[in-house]
Amino acid sequence: MERVHALFDALWQDYTARLCPSAAKVHALLEEGSPLQNDHIALRTFALPKIGLDRLAAPFIAIGYEPKGQYHFEAKNLNAHHYEHPDPKAPKVFISELMVGQCSTALQMAVRKLVDQVDDAWMQGSEFLYGGRPWELDAELYRVLAEESEYAGWLAAHGFGANHFTVSVNQLSTVSEVSEVNGILRQAGFAINESGGEVKGSPEVMLEQSSTMADKVPVMFSDGEMTIPGGFYEFAKRYSLPDGSLYQGFVEASADKIFESTDKVS
């Protein structure tokens, strides 16, 4: 587990420094004397050979992770897989990719030009997973991409890194419901993602989830700095299967709405 801890520590450092600085405040609100248990992280990429989903999964597979569920989000042109480690204490990993070939010709051309800037050597090892943006782009291209696909704009602007970590509500002792966590966060000034309802999922589908709306963070483009949505924090409660074990998968309908935590709010 030492390699697992090292990788997730590096991902956490990048996430809290660059994408979701408010994570420290969430911890202060929810920690009960012991570290919060991370249910899973999520990573985004483009479905192109040089940086596709399989390339992002490789460093996790190298430290023992195994592929599990597969998911498809037709309206957003996304495919996703999740991965689990044999040690149940290790966080799950949810990796999604934008099916670039299903997007407009203009988006396809723009994204391919970005990915052409990536050096193959940069994608070796695991450091690229929290390495940020390996290409240059200007703010106007970000706006154009985001207008067609919020996901494409976010990924183009931020590059690689965990767009969220997830508190396991099952671990908490002073609260037991996702709705209670939402109440604590709202009282502290956090905006909750209301797309599809504040609590996505139900005991019937074995998983309930909620999330904050993404932090607004400064990003440096080739033509100047701009403040845009960064990372967010998620909260998940898993329910027991008939055999007594906790459900470990994800629910497409809920995950579809969680993606919208990085949408711009007018």
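The radius of gyration, as I use it here, is taken over C-alpha atoms, and the globule rule is 2.2 Å times the number of residues to the power 0.38. By that rule, a compact globule of 266 residues would have a radius near 18 Å, and the protein agrees because its own value is 18 Å.

This is a predicted model, in which local features need pLDDT of at least 70, side-chain atom pairs count only at pLDDT 80 or more, and totals for chains, interfaces and linings use all residues. Residues are numbered from 1 along each chain as its sequence is written, and side-chain values use heavy atoms, with hydrogens and water left out.

Let me turn to the overall fold. Along the principal axes, the C-alpha atoms occupy a box of roughly 50 × 40 × 35 Å. The protein contains 8 helices and 10 strands, these being DSSP runs (H or I, at least four residues, for helices; E, at least two, for strands) numbered from the N terminus. Of the contacts (heavy atoms within 4.5 Å) with a separation of 6 or more, 68% join residues 24 or more positions apart. Of the 266 residues, 53% are buried, where buried means under 20% relative accessible area, exposed over 50%, and partly exposed in between, with a 1.4 Å probe and protein chains only.

N77, in the loop between β2 (66-73) and β3 (78-84), has a positive phi of about 60 degrees although it is not a glycine. M206, also not a glycine, has phi near 75 degrees. M206 sits in the loop between β6 (200-202) and β7 (207-211), and it counts as partly exposed because its relative accessibility is 22%.
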